[in-house]
Amino acid sequence: MLKKFASIRGGLTILLILSIIYAIYGIYYKIEFWGFSFKPKQNTNLWSVEAHISFTPTNLPIKINLTTPRSNDAFKILEENIIAPTYKIKKNRSGSLLTLSSPAKSPEEKQNIYYKIMLFDNIYTRGKTKAPKPQTPPQPIFDSQKSAEAKQILKLAQTLDGDAITQIISLLNQEPLSPAVQAYLPVKTSQQEMVEIIQELLALKQIPSRPARGFKLEESKKSLSPDLMLEAYIDNSWKLYNIKTGKKGLPDNFVLFQRGGKSLIDVIGGEDSVIKFSVMKSVTSTMSLAEQRAKLAGTQSWFNYSIYNLPLSQQNTLKWLSIYPLGILLIVLIRNVVGIQTMGTFTPMLLSMALVKTGFWSGMICFSVMILLGLIIRFLMNRFNLLLVPRISAVVIFVILIMQILTILGYRMDLTIAQSAVFFPIIITAWIIERASIIWEEEGPINAGKEIFYSIITAIIVYFVISSEYIRHIMFAFNELNIVILFIVMLLGTYTGYRILELKRFSPLVKR
């Protein structure tokens, strides 16, 4: 018998370990691919970026090439819309170039095209995307004098702090410029020319580089002009550099529209082309973006069969059900490990559920009044010597009447305490009154008071756990934990040792 019992406990232990492994993987999966968080009400910023392209057409067929952001550029694309009537729209395979073409006959009036994209910050893969090594850039063709000047600049740059790219950019932007840099740079250097000069110097060091254009996302900003930056390939990934300061890294809320190439937009068959950007910010729940994250991560099939794909009303119901196993575990620990006797097995659980609906103090006052009045009525009924079932049924009816009276009084006196009566389970309340009166008769008022007191204390402990928004969110978002709780409860069912209170009870025997 002992061997069989030990094998059951061993099997449950193995199942518990497997459930913990499964829960850890499930939590990692949801955080990594669905964007879940341990914090409740975690919000994600949504950025709506609109590009307004305007130009005057000529008599040639129109073709527009617009560089657009991709999902792996620290942001994920939620929506993408183009307003361009009569234009044919085509996108290349990488999703980085948008081509619009018109019929052979060119329109005469000024053209307005709108490209709108909605992005959200991809914080989980920011800066982690690896890229294959590009081809080594060709060596620039210099005459002997310029070649000597370039080598001298590279030698001077090595004396500065930072990596090779930061050193070169810092040297070219020093105040005042060194004589060697003044001789190498043109009299007036535009940003585009500065990027080309930096690329030439990096090519001498065989470091691949390319220009990049983008802008910082700021709320309610209109007519934004893209910032020109530089990307260089280092440590198996592309790093972004500010061409004025040499600072490395992607700035916060910075979206790249162009990587490589010379221009952000090319218009063929039009003149006086202008592109203006405007940005608008909105905030949404991280949980509401889980479906989009799952789709972009290629795990939508798993999401479709999860509870997070249900309507919000059903999700709210299941959110409360997800927290109850943790409350049940607390009651099992209190009864089987601590050794506290409560009024029934899960009566404290039902009371704590009622307290969540009523509020703590209003619920406690209302429950105390109902139990007190119920016990008085129960003792008055002893004189009639009723049978068990009719007696309990009468107590249930009295509880209903008490609830009605308290609710009416609460409404007339504008007291929420009395109105809380309707949230208490009628049958459980009547059963507590009946059991308390029986214990009073058989074991005395002290034991009856102890069970009621311990039941209320247990209900209060469970209440503070299940009413925590933080805990409710974790148990709902990562419901794999309920499987772990299931096997912990089953494993506790094999515990046959002393309760904590029993150790205190029998401590005098141990001392002797």
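## Close-up views of a predicted model

**View 1. Strands E2 and E12 pair side by side.** Strand E2 (residues 63–67) and E12 run antiparallel and are joined by four bridges. The coordinates shown in this and the other views belong to a predicted model. Leu66 is placed opposite Ile265 of E12. Strand E12 itself spans residues 265–268 and has two faces. Ile265 and Val267 make up the covered face, while Asp266 and Ile268 make up the uncovered one.

**View 2. Four strands form an open sheet.** The order of the strands in this open sheet is E10-E9-E7-E11, and the pairing is antiparallel. Strand E10 (237–241) and strand E11 (254–259) are the edge strands, each with pairing on one side only. With direction ignored, neighbouring strands of the sheet are turned against each other by 40° on average. In general, the strands of a sheet are paired through backbone hydrogen bonds, in either a parallel or an antiparallel arrangement.

**View 3. Helix H5 lies across two strands of the sheet.** Six bridges link strand E7 (residues 209–216) with strand E9 (residues 227–234), in the antiparallel sense. Within this pair, Arg213 faces Leu228, a residue of E9. Helix H5 (residues 191–204) lies across E7 and E9 and runs at about 10° to E9.

**View 4. Gln206 has a positive phi in the loop between H5 and E7.** Gln206 is located in the loop that connects H5 and E7. Its phi is near 60°, a positive value in a residue that is not glycine. For comparison, most residues other than glycine have a negative phi. Is the residue buried or exposed? Gln206 counts as exposed because its relative accessibility is 53%, and the threshold for that class is over 50%.

**View 5. Asp272 has a positive phi within a strand.** Asp272 is not a glycine, yet its phi is positive, at about 55°. The residue belongs to strand E13 (residues 270–285). Asp272 has a relative accessibility of 59%, so it counts as exposed.

View 6. Most peptide bonds are trans. Pro176 sits in the loop between helix H3 (164–172) and helix H4 (179–184).

**View 7. Nonpolar side chains form a surface patch.** Six residues are labelled here: Ile365, Val369, Leu372, Leu373, Ile376 and Leu380. Together they form a nonpolar patch on the surface with about 500 Å² of accessible area. Leu380, one of these residues, is part of helix H10 (residues 360–381). Leu380 counts as partly exposed because its relative accessibility is 49%.

**View 8. The whole chain gives the setting for the close-ups.** The protein chain contains 18 helices and 13 strands. How much of the chain is buried? Of its 512 residues, 41% count as buried. The chain exposes about 29,100 Å², of which carbon and sulfur atoms supply 60%. Among contacts with a separation of 6 or more, 76% are between residues 24 or more positions apart.

Terms used: Residues numbered from 1 in each chain as written. Predicted model: local features only at pLDDT ≥ 70, side-chain atom pairs only at ≥ 80, totals over all residues. Heavy atoms only, no water. Patch = residues over 30% accessible without salt bridge, like charges linked within 9 Å, V, L, I, M, F, W, Y side chains within 5 Å. Areas by Shrake-Rupley, 256 points an atom, 1.4 Å probe, with all protein chains shown as cover. Salt bridge = Lys/Arg side-chain N within 4 Å of Asp/Glu carboxyl O. Buried < 20%, exposed > 50% of the residue type's maximum accessible area, 1.4 Å probe, protein only. Contact = heavy atoms within 4.5 Å. Pairing = 2+ DSSP bridges. Axes fitted to C-alpha atoms, helices over the stretch in contact; angles between N-to-C directions.
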